[in-house]
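Please look over the structure shown here, and then work through the questions that follow.

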Amino acid sequence: MLRRWPAGAPAVHGALMSRPTVTLKLATSLDGRIATGTGESRWITGEAARAEVQKLRTAHDGVLIGVGTARADDPELLARTSPPPRRQPVRVVMDTEFSLAPRGRLFDALDRATLLVIGAADGDAARRKVLEAAGALTAGVARGPVGVDVDAALAAMLERGIARVLCEGGGQLAASLIAAEVVDRLEWFRAPMVLGGDGRPGVAALALSSLAAAPRFKRVALRELGPDIWESYERVS
Ligand SMILES: NC(=O)c1ccc[n+]([C@@H]2O[C@H](COP(=O)([O-])OP(=O)(O)OC[C@H]3O[C@@H](n4cnc5c(N)ncnc54)[C@H](OP(=O)(O)O)[C@@H]3O)[C@@H](O)[C@H]2O)c1
C-alpha cells in the first residue's frame with residue numbers, strides 16, 4: 001500500500017524558508033555519551049527529562065533519527081503526552097540505502113503517524129519499494145560526505161510540510177547536522193553518570209583542525225529535572 005502525504009500537513013511558513021528549523025536533542029552522561037560500548041542506552045536520563053522530550057516532540061512537525069538508532073533502539077517515536085498532540089510529528093529516518101527492515105515499532109505505529117525514509121536518489125531501488133509497500137513514504141536525495149546530503153534531506157522535509165524538526169540522534173547524524181551548520185537549537189539533557197571512552201559519543205567525530213573552528217552555541221536556559229540537568233542552547237551566528 002502506498003501512503004499519501006497526510007491532508008492538512010503543517011503549513012510551511014515563510015516563502016524564503018529553504019530548510020526546516022533544526023533542534024538537536026541529546027540525552028547524555030556527564031561525559032557526553034549516549035550509550036554504553038555495548039549499545040545500551042535505555043535509560044540514561046530520568047522520568048522528568050523523558051517527559052520533557054515528549055513535549056519537545058509535540059512542538060515539532062518532524063522527529064528525525066539516523067538508521068543506526070532505528071536499528072539499535074527500535075523506537076516508536078510517537079509523542080506520548082497527555083492530552084495527546086492534535087497531530088503526531090512525522091517520523092523521519094535518514095537511511096542512505098533504504099536498508100531499514102520493513103517491520104518493528106516504527107511500522108507498527110503507521111496508523112498513528114507518518115514514517116518518511118530519506119535515502120540516496122541512487123540508493124537501493126528494490127529496498128525502497130519494499131519500504132513503500134510496508135507503508136513508509138520515501139524520498140531520494142543527493143549523497144553527502146557521510147550518508148545523504150544534509151541540506152538536501154532538510155529540503156525534502158520542508159517540501160513535505162516539516163517546518164520544525166527535532167533530531168534525536170544518534171551520534172553520527174548529530175555530527176553531520178552540526179558539521180553542516182544547520183543546528184539552530186540544542187536541547188541537552190545530562191544525567192549524573194559516567195560511561196567512559198568506550199561509550200557511544202553523543203556527537204561523533206567532527207575532524208576539527210583547531211579550537212577556533214569548534215561550533216559554538218549560547219546557553220539560553222538551564223534547569224534541574226530531578227537528578228538531571230537540562231540545558232538549552234542557540235546557535236551563535
Ligand atoms: N541516549 C539517547 O538519547 C540516544 C538517542 C539516539 C541514539 N542513541 C544510541 O546511539 C546509537 C546509534 O548512533 P549511531 O551514531 O551509531 O547512528 P545514527 O547516527 O543513529 O545513524 C547513523 C547512520 O545514519 C545513516 N545516515 C544517512 N545519512 C546520514 C548523514 N548525513 N549523517 C550521518 N548518518 C547518516 C548512515 O547509515 P547509512 O549510510 O547506512 O544510511 C549512518 O551510519 C545507538 O546505540 C543508540 O542506542 C542514544
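**Strand β3 and its surroundings**

Q: Which strand is joined to β3 by three bridges?
A: Two strands count as paired if DSSP finds at least two bridges between them, and helices (H or I, at least four residues) and strands (E, at least two) are DSSP runs numbered from the N terminus. Three bridges join β3 in a parallel arrangement to residues 164-167, which form strand β7. Within this pairing, Gly-62 stands opposite Val-165 in β7.

Q: How far may the coordinates be trusted, and over which residues does pLDDT stay under 50?
A: This is a predicted model, in which local features need pLDDT of at least 70 and side-chain atom pairs count only at pLDDT 80 or more, while totals for chains, interfaces and linings use all residues. Residues are numbered from 1 along each chain as its sequence is written. The protein chain averages a pLDDT (the predictor's confidence in each residue, from 0 to 100) of 93, and 93% of the residues score at least 70. Where pLDDT is low, the predicted coordinates should not be read in detail, and pLDDT stays under 50 over residues 1-15.

Q: Which strand pairs with β3 over five bridges?
A: The pairing runs in the parallel sense and involves residues 90-94, with Gly-62 standing opposite Val-90. The chain crosses from β3 through α2 to β4 in a right-handed β-α-β crossover, meaning that, with the strands pointing away from the viewer, the path from the first strand over the helix to the second runs clockwise. The strand that pairs with β3 over five bridges is β4.

Q: Why is β3 largely enclosed by the rest of the structure?
A: In a regular strand the side chains alternate between the two faces of the sheet. Here Gly-62, Leu-64 and Gly-66 point one way from β3, whereas Val-63 and Ile-65 point the other way. A residue is buried if 20 or more other C-beta atoms, placed from the backbone, lie within 10 Å of its own. β3 is largely enclosed because the number of its five residues that are buried is five.

Q: Which element gives the most residues to the shell around the ligand?
A: The shell around the ligand draws at least two residues from each of β2 (33-35), β3 (62-66), α2 (67-73) and α6 (171-179). Of the 32 residues around the ligand, those that come nearest are Gly-66, Gly-68, Gly-147, Gly-169 and Gly-170, where a residue is near if its C-beta atom, placed from the backbone, lies within 6 Å. With five residues, the element that gives the most is α2.

Note on methods: A residue is buried if 20 or more other C-beta atoms lie within 10 Å of its own, exposed if 12 or fewer, and partly exposed in between; C-beta atoms are placed from the backbone. Two residues are in contact if their C-beta atoms, placed from the backbone, lie within 7 Å.
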